[in-house]
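Student: Please give me a close look at a single part of this structure. Then show me what lies around that part.

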Amino acid sequence: MIEVQSLTKHYGTIAAIHDVSFSVKRGEIVGFLGPNGAGKTTTMRILAGFMPATQGTATVAGYDVFTQSLEVRRRIGYLPENVPLYPEMRVASYLDFVAEVKGVGRAERRRRVAEVMDRCLIADVQHRPIGKLSKGYRQRVGLAQAIVSDPEVLILDEPTIGLDPKQIAEIRALIKSLAGQHTVILSTHILPEVSMLCQGVIIINKGAVVAQGPIDRLVEQVFPRARVQLQLAAPPDAVPAEIRRIPGVLSVERQAVSDGVGTYVVEAPRDRDVRSELFQLAADQKWRLLELRRIGMTLEEVFIRIVAGEEASE
Amino acid sequence: MKVWPIFKKEMLLYFSSPVAYAVITLFLLIVGYFFYLYFVSFTLMSMQAAMNPGLARDLNVTDGIVRPLFANIVSIIVLFMMPMLTMRLFAEERKSGTIELLLTYPVRDGAVLIAKYLAALALYAIMLALTLLYPVTIAYFARLEWGPLFSGYLGLLLMGGAFLAVGLLASSLTENQIVAAFATFVVLLIFWVIGWSADYTGGLAGRVLSHLSLVDHFESFSKGVIDSRDVIYYVDFMVLALCLTRRSLEARRWKG
């Protein structure tokens with residue numbers, strides 16, 4: 001649905017993005033991650049047809065974003081990062097304007113506007129001027145204008161920023177419900193959000209794509225072994241040897257000991273969960289087990305590892 | 001062409017901010033004040049003419065009130081007011097970032113431009129239409145020639161239209177509304193006074209200067225003459241400014 005090939009954008013002599021390539025399949029929700037200034041917004045602006053790339057091509061729904069810009073713009077809903085809206089306009093008439101500009105017919109428009117106001121939970125403020133709304137409401141009006149024409153592709157730049165936890169949950173549910181009929185590319189800083197919403201991620205750093213693919217596969221690539229961290233109040237020297245006896249354990253590392261409590265990291269093959277055996281061992285040895293958890297399995301750790309690794313290698 | 005929805009939006013924004021009301025009110029007040037002055041002085045002249053039939057022969061309301069009002073007063077007020085109507089159009093969208101959404105809707109840049117221009121022109125037409133009250137008042141007391149009145153309004157509309165196009169161009173070049181208004185005013189003022197030096201320059205250069213002057217072309221309209229040269233001049237002015245605005249929008253896209 002979205003194909004991006006060696007996209008490059010220069011601002012003067014500074015390259016905002018360099019040789020960015022990725023693709024997003026129809027109906028997928030993809031998270032677009034990266035530190036601030038990595039080039040997320042630039043890439044999204046090019047996809048939305050706001051500005052042309054210096055080099056490279058991008059197609060949305062089979063149309064080139066540069067040469068067939070209008071065709072692309074007919075098929076996307078775009079939510080820019082700072083949610084620019086007209087403060088003087090009232091919510092309902094603003095959404096009606098957007099729907100009309102996007103070519104929704106007069107008869108259908110009324111229904112569509114009412115529907116997105118319900119979905120985005122803004123029906124109660126529909127007659128208020130946008131400038132008088134709270135940040136959370138404005139954010140949802142922004143999202144409503146993106147989906148009001150029922151576009152095939154949604155480009156959302158930080159859709160949940162500035163919302164309170166309840167609103168975040170509601171907006172996430174809304175975005176999740178868009179999967180299937182809509183292809184969504186969303187950028188965010190909140191990594192658990194990506195794990196919750198997205199099938200795939202694209203990680204971008206310093207204007208280049210550093211990793212992309214389904215979340216599970218990325219986690220596997222970065223952390224090929226399952227790692228378990230445990231804290232034990234036990235004689236520190238005896239522990240590693242005993243743990244190594246558990247079948248499948250590849251390594252044991254003692255990280256710290258204080259007040260007789262040691263922290264250990266145990267590695268095993270990915271498909272092997274050694275936690276119950278560790279618990280059993282501790283019980284048999286009369287060690288007091290204070291903590292037992294898997295580590296290095298979340299997207300957050302993958303992200304930090306990849307982005308930090310980039311920095312270290314320079 | 002998706003001109004209509006954007007046109008409606010611009011009109012809505014005009015009337016949801018105090019700018020439109022302030023400009024219209026101020027315009028009507030100033031024009032009304034000068035109409036009153038001309039009207040009173042014309043009344044005095046006609047009283048004198050009652051005792052002097054020779055004077056009465058040359059006395060009519062078109063030359064006595066309508067023409068000086070349009071040529072000397074309304075045209076100058078329009079020069080001051082038009083920058084205020086256009087300064088917002090692109091500069092504010094750029095500053096608040098709404099341009100990013102507007103230019104990613106399935107609408108050509110040209111249609112956005114035309115819609116904004118027509119909205120400004122419509123507001124200006126409303127302003128002019130409200131001043132019809134003054135000639136109608138005259139027509140109640142005296143026989144008014146409708147021909148020169150019509151050509152005067154047509155001239156004002158064309159001249160103001162050219163001003164608005166320049167204002168739109170200035171607004172597309174900056175994020176700052178004040179800068180946009182000021183730049184518009186300076187450019188218009190240059191084209192306004194350029195004709196003054198024509199009298200002293202003489203020859204070909206003088207004719208060129210006189211032809212470039214925004215105000216010289218208005219004179220024949222106020223006399224009741226619709227000359228195609230004058231119409232073409234204003235239309236050219238408009239088209240040129242709008243084409244440059246389109247280029248400026250395009251350039252802004254590339255700069256990002």
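Tutor: Start with chain B. Along its sequence, chain B reads α-α-α-α-α-α-α-α-α-α-α-α-α-α. That pattern holds 14 helices and zero strands (helices are DSSP runs of H or I with at least four residues, strands are runs of E with at least two, and both are numbered from the N terminus). This is a predicted model: local features need pLDDT of at least 70, side-chain atom pairs count only at pLDDT 80 or more, and totals for chains, interfaces and linings use all residues. Residues are numbered from 1 along each chain as its sequence is written, while chains are lettered from A and ligands numbered from 1 in the order in which they are written.

Now its extent. Along the principal axes, the C-alpha atoms of chain B fill a box of roughly 70 × 45 × 30 Å. Chain B has 256 residues, and 38% of them are buried (20 or more other C-beta atoms lie within 10 Å of a buried residue's own, 12 or fewer for an exposed one, and partly exposed is in between; C-beta atoms are placed from the backbone). Take the contacts in chain B between residues at least 6 apart in sequence: 78% of them join residues at least 24 apart (a contact puts two C-beta atoms, placed from the backbone, within 7 Å).

Ala162(B) gives a local example. Setting aside neighbours within four places in sequence, Ala162(B) touches Leu214(B), Tyr234(B), Phe237(B) and Met238(B). Ala162(B) also belongs to the largest nonpolar core, which has 140 residues (such a core is a set of buried Ala, Val, Leu, Ile, Met, Phe, Trp, Tyr and Cys residues joined through C-beta atoms within 7 Å). The residues with the most contacts inside this core are Leu95(A), Ala144(A), Ile155(A), Ala162(B) and Ala165(B). Helix H9 (146-173) of chain B supplies the largest share of this core, 13 residues. Another core lies apart from it, with 13 residues, among them Val228(A), Val239(A), Val266(A) and Ala282(A).

Now turn to the face between the chains. Chain B gives 22 residues to the contact, and chain A gives 22 residues. On the side of chain B, helices H1 (3-16), H6 (98-102) and H14 (228-255) each give two or more residues. H1(B) provides the largest share, six residues. By type, this side of chain B has ten nonpolar, seven polar and five charged residues (Ala, Val, Leu, Ile, Met, Phe, Trp, Tyr, Cys and Pro count as nonpolar, Asp, Glu, Lys and Arg as charged, and the others, Gly among them, as polar).

Across from it is chain A. Chain A is divided into domain 1 (2-220) and domain 2 (224-295), with bounds from an automatic or database domain assignment. The domain centres, taken over C-alpha atoms, are 44 Å apart. Helix H1 (40-47) of chain A is mostly covered, with eight of its eight residues buried. Among them are Lys40(A), Arg45(A) and Leu47(A). Just after H1(A), Gly49(A) takes a positive phi of about 85°.

Two loop residues of chain A end the tour. Most residues other than glycine have a negative phi. Ala61(A) has a positive phi, near 55°, and lies in the loop between strands S4 (55-60) and S5 (63-64) of chain A. Ala61(A) is partly exposed, with 18 other C-beta atoms within 10 Å. Lys286(A) has a positive phi near 60°. Its loop runs between helix H10 (275-284) and strand S14 (288-295) of chain A. Lys286(A) is exposed, with 7 other C-beta atoms within 10 Å.
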